[in-house]
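Please view the structure alongside the text.

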Amino acid sequence: MYLYVLKSLKHKRYYIGITDDLEKRLKKHNTGGVRSTRPYRPWELVHNEIFTDKTSARKREIFLKKTAKARKELFSKF
């Protein structure tokens, strides 16, 4: 299971999510298959973390989405 961070190539936007197939998920974001990211296409994968189970990945996703300081630190790397 992966936690991933996408960066919009045209807008100052990031997207944090989890998936078990990074390539397939990135393609879905870039083809408009994800409603929340559709207006900000195209996207590029800028970061990913590997987890052994979905629960751990989800906990990390929630932490990043709720903690501005953690997001800021992570986003400053790219």
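Two residues are in contact when heavy atoms lie within 4.5 Å. The model is predicted: local features need pLDDT of at least 70, side-chain atom pairs count only at pLDDT 80 or more, and totals for chains, interfaces and linings use all residues. Residues are numbered from 1 along each chain as its sequence is written, and side-chain values use heavy atoms, leaving out hydrogens and water.

**Nonpolar cores**

Apart from neighbours within four places in sequence, Ala-57 contacts Met-1, Leu-3, Ile-18 and Phe-51. A nonpolar core is a set of buried Ala, Val, Leu, Ile, Met, Phe, Trp, Tyr and Cys residues joined through side-chain atoms within 4.5 Å; buried means under 20% relative accessible area, exposed over 50%, and partly exposed in between (1.4 Å probe, protein chains only). The largest such core has 10 residues, among them Leu-3, Ile-18, Phe-51, Ala-57 and Phe-75. A second, separate core of five residues includes Tyr-4, Leu-6, Leu-22 and Trp-43.

**Aromatic pairs**

Rings of Phe, Tyr and Trp (its six-membered ring) pair if their centres lie within 6.5 Å; planes under 30 degrees apart are stacked, over 60 edge-to-face, and the rest tilted. Four aromatic pairs are counted by this rule. Two of them are tabulated below.

| Pair | Centre distance | Plane angle | Class |
|---|---|---|---|
| Tyr-4 and Tyr-15 | 6.2 Å | 40° | tilted |
| Phe-75 and Phe-78 | 6.2 Å | 50° | tilted |

Tyr-4 is buried at 2% relative accessibility. Phe-75 is buried at 16%, whereas Phe-78 is partly exposed at 27%. Ring pairs also join Tyr-14, Phe-75 and Phe-78 into a cluster.
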